[in-house]
Amino acid sequence: MERRNELMAAAASRFGLLERDRLQTHFSEHSLVRSYRRDEETVYVRLIDESHKPYAKIAGEVQWVEFLGSKGICVSKPLHSAAGNLAERIRMEDREYTAVCYEEAKGRPVGENEAGEDLYRRMGRFMGGMHRITQEYIHQDPFTRRPNWSYEAEKVRHLDLPPSEKGIAFRYQALCQYISKLPVSRETYGLIHADFHYGNFFVQGDALCLIDFDASRYSWFVDDIAVAAFFSGLTEGGRSGQR
């Protein structure tokens, strides 16, 4: 715990935050998140172990999120450090971490019981607006560029399957080859959130506010729709099974 507190204090200081203003701390296997009071608002500092996700990928993530926010898309906006950086490297002993800081998302969490046509329409409008804005985005730095869809697909392809399931790997490879030949254009392909579900957006009136761009990647915009439809289907199936 002492090491965690030392790490978080170092990360917070990069963004001009003081430990006396800290609120809550959340731990996961690969990251630490701590909220702080800053004037009249709450901000969140996230610290990610380099072994889980390298600095370059995180920097690319927050650069895109900042762009979306600057264009009027409601996101949990990343904040600059005192040195003017969106992501800061923290080294302690023999390990490296990346620290980022976000504004608090607007609105309230949405419950699975709120699923329905009205919410799906709002999700669609939000996603359509995000994809339209993303067509304007040009990432200049190849070092921090987010991965494309094939990066995750390749990891799945190398899963160790039992002998009885080896046929799945061949069919999966054929599917990836088919997908790789699909047309790519500015209007159909770009950065997507890739994890659009009820746990990753807030509701404020009729508007949504998107969070957690950790899975963002370059892919076809319809990939975003497919992910949202998949998770929505799981939720509906779970609800119908409980009746």
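Guide: Helices (H or I, at least four residues) and strands (E, at least two) are DSSP runs, numbered from the N terminus, while axes are lines fitted to C-alpha atoms, for helices over the stretch in contact, and angles run from 0 to 180 degrees between N-to-C directions. This is a predicted model, in which local features need pLDDT of at least 70 and side-chain atom pairs count only at pLDDT 80 or more, whereas totals for chains, interfaces and linings use all residues. Residues are numbered from 1 along each chain as its sequence is written, and side-chain values use heavy atoms, with hydrogens and water left out.

Visitor: At what angle do helix H4 and helix H5 pack?

Guide: Helix H4, residues 149-157, packs against helix H5, residues 166-180, at an angle of about 170°, and their axes are 11 Å apart. Angles under 35 degrees count as roughly parallel, over 145 as roughly antiparallel, 65 to 115 as roughly perpendicular and the rest as oblique, so H4 is roughly antiparallel to H5. Contact (heavy atoms within 4.5 Å) is made by Trp149, Ala153, Val156 and Arg157 of H4 with Tyr172, Gln173, Cys176, Ile179 and Ser180 of H5. For classes, Ala, Val, Leu, Ile, Met, Phe, Trp, Tyr, Cys and Pro count as nonpolar, Asp, Glu, Lys and Arg as charged, and the others, Gly among them, as polar; the contact of H4 with H5 has six nonpolar, two polar and one charged residues.

Visitor: How do the axes of helix H2 and H3 cross?

Guide: The axes of H2 (residues 55-70) and H3 come within 10 Å and cross at roughly 105°, and the two helices are therefore roughly perpendicular to each other. Trp64, Phe67 and Leu68 in H2 meet Met130, Ile133 and Thr134 in H3, a contact with five nonpolar, one polar and no charged residues.

Visitor: In what order do the five strands of the open sheet stand?

Guide: Two strands pair if DSSP finds at least two bridges between them, and here the order is S1-S2-S3-S5-S4, with antiparallel pairing. Strand S1 (22-27) and S4 stand at the edges with a single partner strand each, so one side of each is left without a neighbour in the sheet. The twist averages 25° from one strand to the next. Seven bridges join S3 to S5, and Ile48 stands opposite Thr98 in S5. Helix H1 (residues 2-14) packs on this sheet, touching S1, S2, S3, S4 and S5, and its direction makes about 150° with that of S4. H2 also packs on the sheet, touching S3, S4 and S5, with its direction at about 10° to that of S5.

Visitor: What is the phi of Asp39, which is not a glycine?

Guide: Asp39 has a positive phi of about 60°, and its place is in the loop between strand S2 (31-38) and strand S3 (41-49). At 70% relative accessibility, Asp39 counts as exposed.

Visitor: Is Val110 buried or exposed?

Guide: Val110, in the loop between strand S6 (108-109) and helix H3 (117-134), is buried, because its relative accessible area is 10%. Leaving aside neighbours within four places in sequence, Val110 is in contact with Leu119, Tyr198, Phe201 and Val203. Its C-alpha atom is separated by 9.0 Å from that of Asn200, 90 residues apart along the chain.

Visitor: How many aromatic pairs are found in the whole structure?

Guide: Rings of Phe, Tyr and Trp (its six-membered ring) pair if their centres lie within 6.5 Å, and planes under 30 degrees apart count as stacked, over 60 as edge-to-face and the rest as tilted. The search finds eight pairs, among them Tyr198 and Phe201, an edge-to-face pair at 6.1 Å centre to centre with 75° between the planes. Both Tyr198 and Phe201 are buried, and together with Phe126 and Phe196 they form one aromatic cluster.

Note on methods
Buried means under 20% relative accessible area, exposed over 50%, partly exposed in between (1.4 Å probe, protein chains only).
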